[in-house]
Amino acid sequence: MYKIGILTCLDSNDVCARVGCLSAFQNRTDFFKDYSEDTYLAALMTCNGCKETNPKEPFEDEGILEKIDRLVSEQIHIIHVGVCRIDDEKKECPRITQICEMLEERGIKVIRGTHKE
Ligand code: SF4
């Protein structure tokens, strides 16, 4: 059985209830279409916020390090990253990129995408 999770932008919490991501998973559509019925959505996590509100980069942020430790101990295989990773100029947020690299270094596969983009 696969255990997966979703990573999103902290700022998107202001306007996003994760309905699109969760319904895509529940209905096995878009980036979740190849998962079997017994796949377990076991984790939801956000970044540690923008530099203006949190000067710590993800690699030195205790909260992010603790979250990644927990993903590893829970044996989460894959983290999907929401479309909120991309800014208005269509570039990926560098903090999300850094978190993705940290996840991969710990053996967790990263897939960029949840629902249709
Ligand atoms: S660092 Fe990037 S992903 Fe995190 S809240 Fe800011 S814009 Fe969103």
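1. Isoleucine 78 faces lysine 109 of S4 across the strand pairing. The model is a predicted one. Strand S3 (residues 78–81) and S4 run parallel and are joined by four bridges.

2. The sheet is open and has four strands in the order S2-S1-S3-S4, with parallel pairing. S2 and strand S4 (109–112) are its edge strands, each pairing on one side only. On average, neighbouring strands of this sheet are turned by 25° against each other, direction ignored. Helix H2 (residues 62–73) packs on the sheet and touches S2 and S3. The direction of H2 makes about 170° with that of S2.

3. Which elements does the salt bridge between glutamate 74 and lysine 3 link? The two side chains meet at 3.4 Å, N to O. Glutamate 74, at 30% relative accessibility, counts as partly exposed.

4. Salt bridges number eleven in total. Another of them pairs glutamate 117 with arginine 85, with the closest N and O atoms 2.8 Å apart. Glutamate 117 lies in the segment after S4 and arginine 85 in the loop between S3 and helix H3 (94–105), so this pair ties together parts that are 32 residues apart in sequence. Through shared partners, salt bridges join Arg85, Glu92, Arg112 and Glu117 into one network.

5. A further salt bridge connects aspartate 34 and lysine 33, whose closest N and O atoms are 3.7 Å apart. Aspartate 34 is exposed, with 71% relative accessible area. Lysine 33 also counts as exposed, at 54% relative accessibility.

6. The count of aromatic pairs is three. In one of them, the ring centres of tyrosine 2 and tyrosine 35 are 6.3 Å apart and the planes stand at 75°, so the pair is edge-to-face. This pair links distant parts of the chain. Tyrosine 2 is in the segment before strand S1 (3–8), and tyrosine 35 is in the loop between helix H1 (19–26) and strand S2 (40–46), 33 residues apart. At 43% relative accessibility tyrosine 2 counts as partly exposed, while tyrosine 35 counts as buried at 13%.

7. Phenylalanine 32 and tyrosine 35 form an aromatic pair with 6.2 Å between centres and 35° between planes.

8. One aromatic cluster is formed by Tyr2, Phe25, Phe32 and Tyr35. Phenylalanine 25 has a charged neighbour as well: arginine 28 lies over the face of its ring, at 4.1 Å from the ring centre.

Note on methods
Residues numbered from 1 in each chain as written. Predicted model: local features only at pLDDT ≥ 70, side-chain atom pairs only at ≥ 80, totals over all residues. Heavy atoms only, no water. Phe/Tyr/Trp six-rings, centres within 6.5 Å; stacked < 30°, edge-to-face > 60°. Helix = DSSP H or I, 4+ residues; strand = E, 2+ residues; numbered from the N terminus. Buried < 20%, exposed > 50% of the residue type's maximum accessible area, 1.4 Å probe, protein only. Lys NZ or Arg CZ within 6 Å of the ring centre and 35° of its normal. Pairing = 2+ DSSP bridges. Axes fitted to C-alpha atoms, helices over the stretch in contact; angles between N-to-C directions. Contact = heavy atoms within 4.5 Å. Salt bridge = Lys/Arg side-chain N within 4 Å of Asp/Glu carboxyl O.
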